[in-house]
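Okay, thanks everyone, I'll keep this short. Let me put the structure up and then we can walk through it together.

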Amino acid sequence: MSAAPKRDAALVLLTLNEVQGLNTLWDQIPVDQFRECFAVDGGSTDGTVEFLTERGIPVVTQPIRGRGVAFRVAAEASSAERLIFFSPDGNEDPADIVRLDDRLIDGARIAIARRFGPGARNEEDGEIIKLRARVNDTLSRICNGLFRTDQPRVYDTINGFRALRRADLLELQTTVKRFPIEYQITIRSLSRGWRIDEVPTTEGARIGGVRKASSWPVGVDHLRVLASELPNIRWIRG
Ligand SMILES: Nc1nc2c(ncn2[C@@H]2O[C@H](COP(=O)(O)OP(=O)(O)OP(=O)(O)O)[C@@H](O)[C@H]2O)c(=O)[nH]1
Ligand SMILES: [Mg+2]
């Protein structure tokens with residue numbers, strides 16, 4: 001029996017000290033289904049690079065730290081048509097990786113794993129105080145209100161678990177260096193009228209290591225991105 005053809009896509013692992021997550025999730029990550037799989041690493045010192053290298057996964061080390069930089073480094077390093085970004089810290093379900101790629105194959109320009117809306121769960125569901133979820137939801141509502149053209153509502157405009165074509169990522173000419181890269185990508189895609197598909201997901205808990213996205217500075221960074229993208233508002237653009 002011949003093996004199934006590989007997807008003409010690159011699975012990109014985004015890592016900064018995530019060896020514990022990698023250890024737990026490794027067998028569930030569908031590396032073999034993709035023509036390319038590589039990691040973009042922000043400078044890990046916990047054995048992440050060694051873990052990946054031992055398993056034959058090329059690791060591209062970023063010249064400058066930051067998730068935004070990592071997205072652009074991935075686009076430059078790859079030759080695949082489509083890029084699926086996966087962060088192996090426990091928040092993201094590896095089973096969604098092929099679902100996201102399937103949405104691109106179906107014609108979506110961007111595919112996002114959404115933690116909000118029907119059939120989805122985020123880390124704070126079941127908790128009494130849902131501060132993070134509220135902030136995320138508010139950022140998404142503002143984003144839809146200001147930049148959406150005639151697309152359906154996007155529930156999770158900031159989630160990093162997403163896929164898009166490499167050429168589209170390059171075309172968007174993103175500039176954000178740190179976390180709100182995803183927000184900038186969504187804003188610029190919405191304002192271009194691109195089809196954005198969302199796949200409902202269940203957000204897991206971080207497996208080990210520490211959070212790199214401290215809530216307040218990252219929240220402020222999102223507002224900065226929002227402000228800098230205001231010229232893309234539909235009634236200003238005309
Ligand atoms: N390549 C790269 N990856 C990064 C960088 N900063 C963070 N990451 C990865 O991006 C993912 C998301 O960062 P997190 O710290 O988990 O942010 P978060 O999901 O808001 O926080 P938790 O809820 O604690 O998981 C993780 O897999 C990080 O390792 C970076 O500068 N470069
Ligand atoms: Mg995380």
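Predicted model: local features only at pLDDT ≥ 70, side-chain atom pairs only at ≥ 80, totals over all residues.

What surrounds ligand 1? There are 22 residues around it, and the closest are E18, G66, D89, R132 and K212.

Now the individual contacts, all to oxygen atoms of the ligand. For K212, a backbone N or O atom sits 2.5 Å from an oxygen atom of ligand 1. With its neighbour in the numbering, R211, the side chain takes part: a polar side-chain atom is 3.1 Å from a ligand oxygen. And over at L14, we're back to the backbone, with an N or O atom 3.4 Å from an oxygen of ligand 1.

How much of the ligand does the protein cover? On its own, ligand 1 has 640 Å² of accessible area, and the protein covers 92% of that. In terms of secondary structure, the elements that give two or more residues to the shell are β1 (7-15), β2 (34-41) and α3 (67-77).

Okay, on to the surface. I128, I129, L131, V135 and W216 make a nonpolar patch of about 660 Å². The tryptophan there, W216, belongs to helix α8, which runs over residues 215-228. Is W216 buried or exposed? W216 has 69% relative accessibility, so it counts as exposed, the cut-off for that being over 50%.

Methods. Residues numbered from 1 in each chain as written. Chains lettered and ligands numbered in written order. Heavy atoms only, no water. Near = heavy atom within 4 Å. Polar contact = N/O pair within 3.5 Å; in protein donor to acceptor, adjacent residues only side chain to side chain. Areas by Shrake-Rupley, 256 points an atom, 1.4 Å probe, with all protein chains shown as cover. Helix = DSSP H or I, 4+ residues; strand = E, 2+ residues; numbered from the N terminus. Patch = residues over 30% accessible without salt bridge, like charges linked within 9 Å, V, L, I, M, F, W, Y side chains within 5 Å. Salt bridge = Lys/Arg side-chain N within 4 Å of Asp/Glu carboxyl O. Buried < 20%, exposed > 50% of the residue type's maximum accessible area, 1.4 Å probe, protein only.
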